[in-house]
Amino acid sequence: MSDKSVEVIYDFLALHAGSKGDKLAAVESDIKLTYAALQQKVDRLASAMLAHGIQPGDRVATLAPPGLDFWITYHATVSIGAIWMGLNPVYREHEFEYLLSDATPALVFSRSDFDKRNYTQELLDISQAPYYVSLDAEQRGAEHLDVFLAKGVNIDVLANQRSKVSPEDTAVIVYTSGTTGQPKGAMLSHGAIVKLATENARWMDDDLESTIMSAVINHIGGLNNICMNVLAHGGKIIFFNRVDVEALAAIREQEHPTYLVSSPTGFMMLMETPDWHQRAGAIKLIVTGGAATPINILEAWQPYCSRIVSVYGQTETTGIVTRTDDNAVLEDVADTIGKPLPGADFKTIRADGSTCDIDEPGELVMAGPYCMNGYFNKPQATDEAFTEDGYLRTGDIAYLREDGNYVFVGRIKEMFKSGGYNVYPLEIEQAICEHPDVFLAAVFAVPDERFQEVGHAYVMPIPGKTVSEADVKSLLKEKMANYKVPKTFSVEESLPLLPNGKVDKQLLKSRL
């Protein structure tokens, strides 16, 4: 696939519909769409959107679980120059209210009946967008999708509008998780999404033939790291509407997906399903990120795939921008986030902006074509997100090893000082998770009269196992300096998780 043939997101779909139109592109339950059929549905919806007055730059929101509703509305929206955003069905009313008031969408697509909630009615009660379209049941105050689709524009009008879409145009707004305050909407351009998906498809290659998509649609992991990478290759996406590890194991056993993306938490949950190793399927590439993956998990999965790769990325980088080498030893996959992808210019900097030495921790910053356009309607936050020389501040601490691999240390805002020493919670969390009976851990700073701040650790045992504070303390004292060992512990049966599978640290911190 030539880079010249794809400049904006719709070009991927048009390219594959023309060259492999009969190949399966997307599957949801018993509905199977080829690339040609997917393009037809996208074209029809895009035509209807233009007929209803949707203009370039208008925001269009979709509230739906991962499935064809999401994938079709996304492609139709971005193909005409409008800006798509996803809404997560697990959100509560105040979260929807903030996002809709911040983005002010001109059109909202919504599932009306899912998980025993009438989402269309909920959204109508809190926000009056010009158009609400119900994707399933008829709802008062919303237009049914079939009625919406009955109105369209001439095919030449559609083609003319699409010809005006530029790689620099914002295609998607993805809101950050808001773990340190109100979410900010990162604006991602067509060019950034296309270039990064193309670059990832190069190294992932035929391993992108098929995947299961059960991640939330408003997160960069599901949208770009899974869906756009597979689309760039021309593979098949098998949609499933929720994270149900038993159901996903059955789908994996039946469909044999070749590409699997998950967090360490996700892999451990999959390993808890009965006969998980016999149901691993025909996985070729496993991509792990979001947190360091313990080596014992990597060792457990290694026999069932061809490649295991550790990656790094965030919303503001448009997705995966580093990876470990294909021939990397498991220790490097467990301990590092690998090397930058071509086009991603990385460095670590000190507080004064100077570049760190090898093995010296500093803030990880990035320049290149994959960076966001900025934060929607937040010029000051956008300015603060970049250095004077144009590098995106990731807010993460890392260091560069002599071999070219970067090691992720933790979030800048999570670091604290204890008795004058820098303490990185991630290092402690990883050490705690090396205990064979520990599933998850989260470490926070709490005030201390003598040392100013000390650590408090939340510890979650593996279901069915027990672990004591003394066990964890003993392990940590063998692995690290005394000032790093948390002074207090809370052992809990479960810890709250964010939709991306990470521990909800904001909620846990509020308990302290």
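Visitor: What volume does the second largest cavity have?
Guide: This is a predicted model. A search of the whole structure turns up two cavities of 30 Å³ or more. For the second largest cavity, the volume is about 30 Å³.

Visitor: Which strand gives the largest share of the lining of the second largest cavity?
Guide: The lining includes Trp84, Gly86, Val172, Ile173, Val174 and Tyr175. Strand S4 (83-87) and strand S8 (170-175) each supply at least two residues. The largest share is four residues, and these come from S8.

Visitor: How many charged residues are in the lining of the second largest cavity?
Guide: Ile217, Asn218 and Leu223 are among the residues that line this cavity. By class, the lining has seven nonpolar and two polar residues.

Visitor: Which helices give two or more residues to the lining of the largest cavity?
Guide: About 50 Å³ of space lies in the largest cavity. Its lining includes Ile193, Leu196, Ala197, Asn224, Asn225 and Met228. The elements that give two or more residues are helix H8 (190-204) and helix H9 (220-233).

Visitor: How many polar residues line the largest cavity?
Guide: Among the lining residues are Asn200, Asn229 and Thr318. No charged residue takes part, and five are nonpolar. The polar residues number five.

Visitor: Which element gives the most to the lining of the second largest pocket?
Guide: This pocket has a volume of about 430 Å³. Strand S2 (31-34), helix H2 (35-51), helix H3 (68-79) and helix H6 (145-149) each supply at least two residues of its lining. The top contribution is four residues, from H3.

Visitor: Which residues of the lining lie nearest the centre of the second largest pocket?
Guide: The lining holds 18 residues. By class, nine are nonpolar, three polar and six charged. Nearest the centre lie Lys41, Leu68, Asp69, Ile72 and Leu145.

Visitor: What is the relative accessible area of Cys227?
Guide: The structure holds zero disulfides. Cys227 is a buried residue. The relative accessible area of Cys227 is 0%.

Visitor: Is Glu388 buried or exposed?
Guide: Glu388 sits in the loop between helix H14 (379-384) and strand S20 (392-400). Exposed means over 50% relative accessible area. Glu388 has 89%, so Glu388 is exposed.

Visitor: How many Å apart in space are Glu388 and Ala64?
Guide: In sequence, Glu388 and Ala64 are 324 residues apart. In space, taken C-alpha to C-alpha, the distance is 39 Å.

Visitor: Which residue in S18 is the bridge partner of Asp345?
Guide: S17 and S18 run antiparallel, joined by five bridges. In S18, the partner of Asp345 is Ala367.

Visitor: Which residue in the turn between S20 and S21 has a positive phi?
Guide: S20 and strand S21 (residues 406-411) pair in the antiparallel sense over five bridges. Asp396 stands opposite Arg411 in S21. The two strands form a hairpin with five residues between them. The turn residue with a positive phi, about 95°, is Gly404.

Visitor: Which residue in S26 is the bridge partner of His456?
Guide: An open sheet of three strands has the order S24-S25-S26, with mixed pairing. Strand S24 (438-448) and strand S26 (488-491) are its edge strands. Strand S25 (residues 452-461) runs parallel to S26, with four bridges between them. The partner of His456 in S26 is Thr488.

Notes. Residues numbered from 1 in each chain as written. Predicted model: local features only at pLDDT ≥ 70, side-chain atom pairs only at ≥ 80, totals over all residues. Heavy atoms only, no water. Buried < 20%, exposed > 50% of the residue type's maximum accessible area, 1.4 Å probe, protein only. 1 Å grid on protein atoms, 1.4 Å probe; cavity = no way out; pocket = protein on both sides within 12 Å on 5 of 7 lines; lining within 4 Å. Points joined across faces, edges and corners; volume = space filled by probe spheres on them. Nonpolar A, V, L, I, M, F, W, Y, C, P; charged D, E, K, R; others polar. Disulfide = S-S within 2.5 Å. Pairing = 2+ DSSP bridges.
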